[in-house]
Amino acid sequence: MSEALTAEADWTIAEAAARQQSLLLALESQFEDLAIDASGIESIDSAGLQLLLALRASLRQRNLGLQLLRPSEALRNACAIYGLQSELLGEP
Amino acid sequence: MTDDDAEILAAARAGFLAEAQEMLRLYEQSLLVLENAPDDPEQLNAAFRAAHTIKGGAGMFGFDAVVAFTHVAETLLDALRDGRRAMDGDCMDALLQSRDQIETLLARIDDGGEGEGDNPDGLLPPAAQQLVERLQALMGQAPAARAPVVAPAAETAAPAPVANQRWHLSLRFGHDALRNGLDPLAFLRYLAQLGAISGVRLMHEDIPALDALDAEACHLWLELQFDGARSRAELEAVFEFALEDADIQLLEPGSTPAQFEALVERRCGMDAGLRERLYGVWRELGVQFELIETLLTPPDESAQAVTLPRIERRHEGEVHERGPDRRSGEGERRNGGRDRRAGDDTRFVRVRADKLDTLIDLIGELVIAGSGAQMVAHRLADDAAVEASARVMGLMQSTRDAALGLRMVPVGETFARFHRVVRDVAKQLGKELELEVLGGDTEMDKSMVDALADPLMHLVRNSLDHGLELPDEREAAGKPRQGRLRLTAQHEAGHIVIEVRDDGRGLNRERIVAKATERGLIAADAVLGDAEVWQLIFLPGFSTAEQVTDLSGRGVGMDVVKRNIESLRGQIQLLSEAGQGTCTRIRLPLTLAMIDGFLTQVADTFFVLPLAVVSECIEVPREALRGGDRALGTFDLRGEIVPWLDLARFYGMPVEAERRRSLVVVRQGQSRIGLLVDRLHGEHQTVIKPLGGLFRHLKALAGSTILGSGEVALVLDVNGLTESARLEAAQSGAKR
């Protein structure tokens with residue numbers, strides 16, 4: 001696995017388009033599972049979560065996996081509300 | 001930027017500013033309701049929504065200061081909404097001040113103080129900054145640490161969740177939900193405050209792959225289970241302002257398989273794969289498709305195996321029975337939604353007032369021209385032409401009514417602003433009172449509503465200041481400590497009647513008479529009825545308040561109010577009972593521009609009466625025939641004494657003695673008067689043109705109008721006539 005990508009702080013709708021662009025760039029050259037260091041995510045809303053899910057769907061199309069490492073409190077919280085802990089964070 | 005762009009932008013900006021004013025009004029209104037009912041989630045939602053809309057709009061135009069400030073207020077509201085902070089007096093004051101501050105910030109934009117890019121940092125003026133700090137302090141600081149919302153929710157959840165309190169919610173958010181500022185997360189957080197979300201499943205299979213995704217479009221569909229003894233209305237309130245951007249289906253505990261089936265149908269249609277997926281999700285969530293069966297059989301795969309086919313079977317067999325069922329349920333939901341949001345979900349088209357005025361002017365001319373055509377048709381005695389012109393006139397009348405209707409706005413908007421005034425003034429004076437508004441949806445001409453605002457404000461302040469007693473005084477007088485102020489509006493025979501009623505100490509007859517005598521307004525030995533005494537208050541320079549307060553009694557007295565009302569062709573009247581309260585009643589015509597008139601003729605002059613006030617036309621009574629040269633007198637109308645007025649003599653016109661004349665009985669409010677005219681011409685569409693400044697002093701005339709023939713007719717002002725008749729009678733009585 002290549003080095004983990006570092007996630008930006010703002011994953012709200014205001015920044016969603018920008019996040020999508022950088023994720024797409026990362027995706028272009030991705031031939032193995034993608035790891036993202038999620039410790040820096042300070043705020044995330046439904047648009048941000050949706051991006052992560054879309055990213056995972058894209059990776060899956062290529063039979064690749066997504067790992068969100070060291071999820072921040074904000075990310076954990078959002079995942080908890082959506083019941084996505086196991087799906088996205090690999091937590092029980 | 002081209003000129004066109006600049007123009008469009010300027011128009012959009014003006015639109016935003018107008019909308020923001022409306023939102024501020026709603027914001028304030030909701031806050032004031034909240035003050036008395038702090039637990040009303042709908043009002044919190046409404047306030048939140050209003051703030052949010054302002055913020056969104058301001059963001060679009062780059063008014064960063066407004067965005068930054070409103071955001072803080074919104075955050076506090078959000079905290080109140082999901083129970084992280086309880087509403088109290090401090091909060092309320094700060095929020096109300098935030099409203100004023102937003103208004104101030106918006107005013108700066110309006111003045112051109114802050115434009116796009118003008119204030120890139122969104123720096124707030126010091127006053128706003130202080131308020132921001134206050135709002136943040138109220139939040140208990142650090143909205144970032146929003147952390148465990150779901151967990152504590154479980155603690156606050158009502159009694160231990162049992163199966164029969166388990167709701168099933170299916171939320172499908174529309175594509176624009178995120179763009180419109182709705183975050184499904186926020187709804188879930190809020191929902192978690194009302195009970196416990198026992199299971200949630202995001203149907204993320206619908207989210208496209210990253211390269212196909214529009215990052216700002218919403219693809220979220222949630223199926224969730226919620227435990228809590230809540231009513232449908234309470235849950236609907238949670239999603240109230242998502243209704244436009246989401247399809248929210250709430251299945252209450254113990255819903256029948258048919259209801260779940262309807263939901264499947266709604267979500268998946270005939271897509272078998274999707275159906276299977278949804279069943280799978282429900283299975284995971286432990287949805288009880290059929291309560292009895294799951295209770296009897298353990299919730300494992302075999303139970304589902306039994307349940308599923310059952311649903312499918314029903315689907316095949318009972319299509320027809322189910323169809324209307326589902327639809328009616330849907331209808332209920334929609335209707336429910338509409339009712340709750342009544343008032344703010346109506347869509348508006350913003351039209352410039354001058355365009356509207358031009359249209360109404362044109363229609364006015366059209367009506368006049370139409371009357372002319374009709375007259376010609378009658379003269380030609382061509383049946384076909386008469387019929388055609390009658391049809392055109394009919395349509396024209398409808399057009400006229402519709403056009404006038406465009407200018408009609410509910411009075412409620414004017415009334416609503418009193419809530420704040422009443423609150424603030426009452427606080428300042430140490431009085432307790434409740435403001436009740438009835439008939440706020442009664443409509444009247446916009447220009448009149450605007451013109452009415454100041455006089456009404458004066459009356460309300462008067463009631464607060466002079467009418468209502470202090471709580472202790474009220475208690476001593478055996479009344480509840482809390483005073484009551486009631487504003488009502490209603491229609492009455494082509495007029496609108498507005499009342500300001502308080503249950504205060506009432507008018508003091510002796511003091512008014514004493515003051516009027518002292519000022520030489522009445523003779524010392526004058527004998528006056530109550531109504532006449534009350535009318536004295538409207539005389540210029542009359543003020544009875546012993547103490548000139550900050551609020552009223554600044555010399556701009558009731559005479560100004562009366563003049564304002566009269567300039568609207570209205571009438572003002574006071575009713576009062578000592579110790580019981582005072583009622584000010586204002587009668588106003590619905591519109592200033594056009595009326596259905598009743599055309600009469602005296603000598604060569606045409607007079608138009610508003611049709612709405614004409615109650616009957618009779619032969620000239622004997623009393624009037626015997627009247628000789630007198631211009632007025634009284635006659636017996638079926639046992640009732642009614643004054644009559646001879647228009648010819650009143651206006652000093654030649655009287656054709658041998659002519660058979662008629663008497664038109666008009667009624668305005670309580671008073672009636674018979675008007676003697678030479679000829680009756682019947683109904684006539686009248687566009688009232690104001691009289692020139694020269695004729696303003698002619699009290700009994702409301703304006704003029706042009707007949708189809710090009711002749712001028714005078715529009716009679718019935719109030720004015722009654723008043724002049726009364727004065728003249730009083731004078732001639734005094735002379736005798």
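Asp424(B) counts as partly exposed at 31% relative accessibility, a label for residues between the buried class (under 20% relative accessible area) and the exposed class (over 50%), with a 1.4 Å probe and protein chains only. This is a predicted model, in which local features need pLDDT of at least 70 and side-chain atom pairs count only at pLDDT 80 or more, while totals for chains, interfaces and linings use all residues. Residues are numbered from 1 along each chain as its sequence is written, chains are lettered from A and ligands numbered from 1 in the order in which they are written, and side-chain values use heavy atoms, with hydrogens and water left out.

**Around Arg423(B)**

Let's stay with Asp424(B) for a moment. Its side chain meets that of Arg423(B) in a salt bridge, at 3.1 Å from N to O. The term stands for a side-chain nitrogen of Lys or Arg within 4 Å of a carboxyl oxygen of Asp or Glu. The two side chains also make a polar contact at 3.1 Å. That label needs a pair of N or O atoms within 3.5 Å; within protein, one must be able to donate a hydrogen and the other to accept it, and residues adjacent in sequence count only if both atoms are side-chain atoms.

Where does Arg423(B) sit? You will find Arg423(B) in helix α16 of chain B, residues 412-429. Helices here are DSSP runs (H or I, at least four residues), as are strands (E, at least two), and both are numbered from the N terminus. Arg423(B) is buried, with a relative accessible area of 12%.

Arg423(B) has a second salt-bridge partner to look at: Asp93(B), with the closest N and O atoms 2.6 Å apart. This pair links distant parts of the chain, since Asp93(B) belongs to helix α4 of chain B and the two residues are 330 residues apart. Asp93(B) is partly exposed at 24% relative accessibility. Beyond its neighbours within four places in sequence, Arg423(B) is in contact with Leu32(B), Glu35(B), Met92(B), Asp93(B) and Leu96(B), where contact means heavy atoms within 4.5 Å.

Elsewhere in chain B, salt bridges that share partners join Glu28(B), Arg99(B), Asp100(B) and Glu103(B) into one network. Over all chains, the count comes to 39 salt bridges.

Arg56(A) lies in helix α2 and Glu87(A) in helix α4 (residues 85-89) of chain A, so the pair ties together parts that are 31 residues apart in sequence. Is Arg56(A) buried or exposed? Arg56(A) is buried, with a relative accessible area of 7%, whereas Glu87(A) counts as partly exposed at 29%.

| Property | Chain A | Chain B |
|---|---|---|
| Helices and strands | four helices, five strands | 24 helices, 21 strands |
| Share of residues buried | 49% of 92 residues | 48% of 736 residues |

From the N terminus on, the elements of chain A run β-β-α-β-β-α-β-α-α. Among contacts with a separation of 6 or more, residues 24 or more positions apart account for 76% in chain A and for 70% in chain B.

**Where the chains meet**

How many residues does the contact take from each chain? The contact takes 28 residues from chain A and 29 residues from chain B. The area buried between them is about 2,300 Å², of which carbon and sulfur atoms give 66%; buried area is the accessible area (1.4 Å probe) that two parts lose on being put together, summed over both. In chain A, Gln50(A), Ile81(A) and Tyr82(A) lose the most area to chain B, together 32% of what that side buries.

Between chain A and chain B there are zero salt bridges, but nine residue pairs are in polar contact across the interface, both residues at pLDDT 80 or more. On the side of chain A that touches chain B, α1 (13-28), α2 (46-61) and α3 (73-82) each supply at least two residues. The largest share, 11 residues, comes from α2(A).
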